[in-house]
Amino acid sequence: MTSGPYPLAVLTGIEKSDVENGTATVTIHPNGDDTWRFDMRLRLRFSDDTHISVSITNVELSDDRNSSQFALGSATR
């Protein structure tokens, strides 16, 4: 099922240079024997109209592995 986009609240002001070598983490909190399989696209837009985008395919999270981390450094700009 395709859904989104989901806007994320920005809690503090940051510069692109603060995140371009960072990571994004996706975590689920399963209730029982859950498995989530999905593709993910994250796009960060900055006040100077530039952006960082990363696309990850075939992510699988479950009660045994409920978190996965993705590098932003290899993202397109």
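**Exercise 1.** Find the residue with a positive phi in the hairpin of E2 and E3.

Solution. Start with the elements: strands are DSSP runs (E, at least two residues), numbered from the N terminus. This is a predicted model; local features need pLDDT of at least 70, side-chain atom pairs count only at pLDDT 80 or more, and totals for chains, interfaces and linings use all residues. Residues are numbered from 1 along each chain as its sequence is written, and side-chain values use heavy atoms, without hydrogens and water. Five residues sit between the two strands. Among them, Asp49 takes a positive phi near 70°.

**Exercise 2.** Describe how E2 and E3 pair.

Solution. Pairing requires at least two DSSP bridges between two strands. E2 and E3 (residues 51-62) have ten, in the antiparallel sense. One of the contacts to check is Arg37, whose bridge partner in E3 is Glu60.

**Exercise 3.** Which residues have the most contacts inside the largest nonpolar core?

Solution. A nonpolar core joins buried Ala, Val, Leu, Ile, Met, Phe, Trp, Tyr and Cys residues through side-chain atoms within 4.5 Å. Buried means under 20% relative accessible area (1.4 Å probe, protein chains only). The largest core has 14 residues, and Ile56, Phe70 and Leu72 have the most contacts inside it. E1, E2 and E3 each supply at least two residues of this core. The largest share, five residues, comes from E3.

Notes. Helices (H or I, at least four residues) and strands (E, at least two) are DSSP runs, numbered from the N terminus. Buried means under 20% relative accessible area, exposed over 50%, partly exposed in between (1.4 Å probe, protein chains only).
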